[in-house]
Amino acid sequence: MDSISHVHLDDDLTPTREAASQMLADHPTHLSLPQPFYTDARVFALDMQEIFAKEWLFAGMTCEIPAKGNYLTLEIGDNPVILVRGNEGKVHGFHNVCRHRGSRLCVHERGKVAKLVCPYHQWTYELDGRLLFAGSDMGENFDLSTYGLKPIHVRTAGGYIFISLAEQPPAIDDFLVTLEHYLEPYDMANVKIAVESNIVENANWKLVIENNRECYHCNGAHPELLNSLQEFDDTDDPRATPAYKTLVATKQADWDAQQVPWQLKRFGKRNRLTRTPLLNGVVSMTMDGKPGCSKLMGRLKSTDMGSLRILHLPNSWNHFLGDHAIVFRVLPLGPERTLVTTKWLVHKEATEEVDYQPDEIRKVWDATNDQDRRLVEENQRGINSVAYQPGPYSRTAEFGVIDFIDWYRERMLENLGNTAPHLQNLQIVQPS
């Protein structure tokens with residue numbers, strides 16, 4: 001046995017914030033996390049309270065709610081949320097909870113409304129959250145102005161909608177300015193969702209993100225993806241070959257000529273943007289490497305744009321190509337259940353079955369998502385074993401995973417430290 005702490009949680013005990021902080025502070029960065037961080041319901045509750053209720057989350061795309069009254073909903077753990085387009089094009093975000101007796105207001109994933117009306121007792125809200133009608137039964141002295149919907153923080157940039165349930169969310173402005181700049185060539189006001197998929201992976205959300213942050217597994221698992229994807233995505237990668245570096249230099253000159261941003265940008269370990277070539281001669285993430293949509297995005301004139309890769313922790317990664325884009329959203333459902341949503345975006349004027357074939361444009365990532373699902377589910381099954389103990393990450397092939405675990409630990413430690421503890425009794429037992 002090594003010197004890493006093994007944690008035993010009794011059924012009648014709940015973990016304290018202090019003990020979780022101690023485990024994270026003491027844990028070496030190059031090892032996978034202690035077992036409870038992938039398996040235990042009480043540690044999962046901490047993740048939801050300290051990460052998903054406090055950090056900025058990718059929620060959806062502005063093109064999903066293009067006009068006044070369009071809305072979309074999602075669930076952040078036990079917190080239903082609604083995003084709605086209001087007057088003057090503003091995107092509002094609210095807890096999807098009626099101020100009367102707490103019913104959800106909008107029960108569908110998407111829709112369009114004139115007002116937000118609770119289906120239970122018909123309390124009616126303006127699109128900006130103001131309560132307009134509560135019926136005469138509340139009495140003539142009832143003050144509508146004190147019962148507006150509870151807002152959440154919403155920021156939009158580059159066609160993305162980010163939300164935070166925190167009272168005071170962390171700073172994000174620098175990333176949003178850069179995101180807007182990098183997505184300017186794609187004219188994100190004029191895109192649409194061509195295809196969408198939702199899959200549930202029976203694994204902890206951190207395993208889903210860890211799997212995404214490395215391509216160590218790609219050669220053995222993703223034949224469809226490796227028809228187009230480079231295993232590394234910038235020349236700083238310690239495994240990058242001379243041939244890759246030469247290809248990068250050639251493509252960067254082409255992108256400069258088109259005034260398309262490509263430089264690697266980092267915002268701590270939470271956000272990362274970089275444009276990198278696909279395999280030489282390949283222009284899209286399709287089965288044959290050819291464009292999946294004949295109408296290019298935005299102002300782009302070339303199909304050979306490589307992939308603009310965008311990372312947003314804790315819950316999104318993305319690929320923007322010349323002809324289409326693929327965006328991913330991760331939402332935890334339980335300690336060992338995670339919802340992964342994939343959306344394929346094309347130019348708004350692209351015509352289905354004429355400019356693109358929905359079944360064809362999605363094939364590579366449908367296959368890859370299913371392969372990743374099986375990988376992380378097997379990973380979860382092994383971690384559940386009494387034999388599991390934290391294992392070593394490769395500092396070359398898995399540096400992205402190390403960065404994610406470092407980010408997770410930093411945010412958990414800071415957020416746990418800023419919140420009074422209300423959970424109790426974690427037993428930390430040193431191995432004999």
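This is a predicted model: local features need pLDDT of at least 70, side-chain atom pairs count only at pLDDT 80 or more; totals for chains, interfaces and linings use all residues.
View 1. The axes of α3, which spans residues 41–52, and of α10 come within 9 Å and cross at roughly 85°.

**View 2. The crossing of helix α1 and helix α10.** Helix α1, made of residues 17–26, has an axis that comes within 10 Å of the axis of α10, and the two cross at roughly 150°. With angles over 145 degrees counted as roughly antiparallel, α1 is therefore roughly antiparallel to α10, and the crossing is left-handed. On the α1 side the contact is made by Arg 17, Ala 20, Ser 21, Leu 24 and Ala 25, while α10 brings Tyr 408, Arg 409, Met 412, Leu 413 and Leu 416 to it. The residues of the contact of α1 with α10 fall into 7 nonpolar, 1 polar and 2 charged.

**View 3. The largest pocket and its lining.** The space in the largest pocket amounts to about 690 Å³. It is lined by 39 residues, and those that lie nearest its centre are Asn 212, Arg 213, Glu 214, Asp 233 and Arg 309. Two or more lining residues come from each of the elements α5 (205–212), β14 (271–276), β15 (307–312), β16 (316–320), α9 (363–383) and α10 (399–417). Sorted by class, the lining of the largest pocket holds 14 nonpolar, 12 polar and 13 charged residues.

**View 4. The second largest pocket and its lining.** The volume of the second largest pocket is about 270 Å³, and among the 18 residues that line it, Leu 207, Glu 210, Asn 379, Tyr 393 and Glu 398 are the closest to its centre. Both α5 and α9 supply at least two residues of this lining, and α9 gives the most to it, with 4 residues. The lining of the second largest pocket divides into 9 nonpolar, 6 polar and 3 charged residues. Helices α5 and α9 are also among the elements that give two or more residues to the lining of the largest pocket.

**View 5. The cis peptide bond from Leu 313 to Pro 314.** This bond has omega near 20°, and Pro 314 lies in the loop between β15 and β16. Both of those strands are among the elements that give two or more residues to the lining of the largest pocket. Most peptide bonds are trans.

**View 6. Glu 88, with a positive phi.** Although Glu 88 is not a glycine, its phi is positive, at about 60°. The residue lies in the loop between β4, which covers 79–85, and β5, which covers 91–95. Most residues other than glycine have a negative phi.

Terms used
Residues are numbered from 1 along each chain as its sequence is written. Side-chain values use heavy atoms; hydrogens and water are left out. On a 1 Å grid over the protein atoms alone, a cavity is a set of points where a 1.4 Å probe fits but cannot get out, and a pocket is an open set with protein on both sides within 12 Å along at least five of seven lines; lining residues have an atom within 4 Å of a point. Grid points are joined across faces, edges and corners, and a volume is the space filled by probe spheres set on the points. Ala, Val, Leu, Ile, Met, Phe, Trp, Tyr, Cys and Pro count as nonpolar, Asp, Glu, Lys and Arg as charged, and the others, Gly among them, as polar. Axes are lines fitted to C-alpha atoms, for helices over the stretch in contact, and angles run from 0 to 180 degrees between N-to-C directions. Angles under 35 degrees count as roughly parallel, over 145 as roughly antiparallel, 65 to 115 as roughly perpendicular and the rest as oblique. A crossing is left-handed if the near helix is turned anticlockwise from the far one by less than a right angle, and right-handed if clockwise. Contact means heavy atoms within 4.5 Å.
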